[in-house]
Amino acid sequence: METVELKVEMVGIHEKRLRKCLSKLKGIEKVEVDVNSQKVVVTGYAHRNKILKAIRRGGLKADFWSPQNELLSVYASASYGSLRFNNVNFF
């Protein structure tokens with residue numbers, strides 16, 4: 001069994017589209033989606049390139065997850081989580 005981590009650009013409705021694309025592939029056991037960091041973890045016996053291709057065919061921008069993505073998501077959440085302008089909180 002193989003675990004594939006992907007970075008998929010998503011907004012609200014794209015999670016449903018993503019799950020529909022992956023449901024057509026044989027050998028997928030589990031799909032975990034983290035919308036905040038745009039990370040998708042797919043567990044199963046399907047080949048990683050077929051998983052990526054299926055997501056892209058569904059019209060979503062996707063790429064394999066890299067450690068750099070982890071750092072960027074942590075930095076972005078820390079930066080935008082405390083954004084202030086003239087003592088007014090935006091988030």
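Which residue forms a salt bridge with E5, and how far apart are the closest N and O atoms? In this predicted model, the partner of E5 is K39, with the closest N and O atoms 3.6 Å apart. E5 counts as partly exposed because its relative accessibility is 35%, whereas K39, at 17%, counts as buried.

The protein chain contains three helices and six strands, arranged from the N terminus in the order β-α-β-β-α-β-α-β-β. Of its 91 residues, 30% are buried. The accessible surface amounts to about 6700 Å², and carbon and sulfur atoms contribute 53% of that area. Among contacts with a separation of 6 or more, 59% are between residues 24 or more positions apart.

Strand β1 (residues 2-8) runs antiparallel to β3, and six bridges connect them. Strand β2 (residues 28-34) is also antiparallel to β3 and is joined to it by six bridges. V41 of β3 is the bridge partner of E5 and also the bridge partner of E32. T43 of β3 is the bridge partner of K30. The hairpin formed by β2 and β3 has four residues between the strands, and Q38 adopts a positive phi near 55 degrees there.

Six of the six residues of β3 are buried, so the strand is largely enclosed by the rest of the structure. In a regular strand, side chains alternate between the two faces of the sheet. In β3, K39, V41 and T43 point one way, while V40, V42 and G44 point the other way; residues of both sets are buried. T43 has a relative accessibility of 13% and is therefore buried, the cut-off being under 20%. Leaving aside residues up to four places away in sequence, T43 touches M1, E2, T3, G27, I28, E29 and K30.

Helix α1 (residues 14-23) has H14, L18, C21 and L22 as its buried residues. These residues lie on the same side of α1 because they cover an arc of only 95 degrees around the axis. The buried residues of α1 pack against β2, β3 and α2 (48-57). On the face turned away from the buried side, α1 carries the exposed residues K16, K20 and S23.

The structure holds four salt bridges. Side chains of opposite charge can pair when their charged atoms come close. Besides the E5 and K39 pair, a salt bridge is formed by E15 and R19, whose closest N and O atoms are 3.3 Å apart. E15 and R19 are four residues apart in helix α1, and therefore about one helical turn separates them. An α-helix has 3.6 residues a turn, so residues three or four places apart point the same way. E15 is partly exposed at 26% relative accessibility, and R19 is partly exposed with a relative accessible area of 35%. Another salt bridge brings together the side chains of R56 and D63, with an N to O distance of 3.8 Å. R56 is partly exposed, with a relative accessible area of 43%, and D63 is likewise partly exposed, at 44% relative accessibility.

Note on methods. Residues numbered from 1 in each chain as written. Predicted model: local features only at pLDDT ≥ 70, side-chain atom pairs only at ≥ 80, totals over all residues. Heavy atoms only, no water. Buried < 20%, exposed > 50% of the residue type's maximum accessible area, 1.4 Å probe, protein only. Contact = heavy atoms within 4.5 Å. Helix = DSSP H or I, 4+ residues; strand = E, 2+ residues; numbered from the N terminus. Areas by Shrake-Rupley, 256 points an atom, 1.4 Å probe, with all protein chains shown as cover. Pairing = 2+ DSSP bridges. Arc of directions from axis to C-beta.
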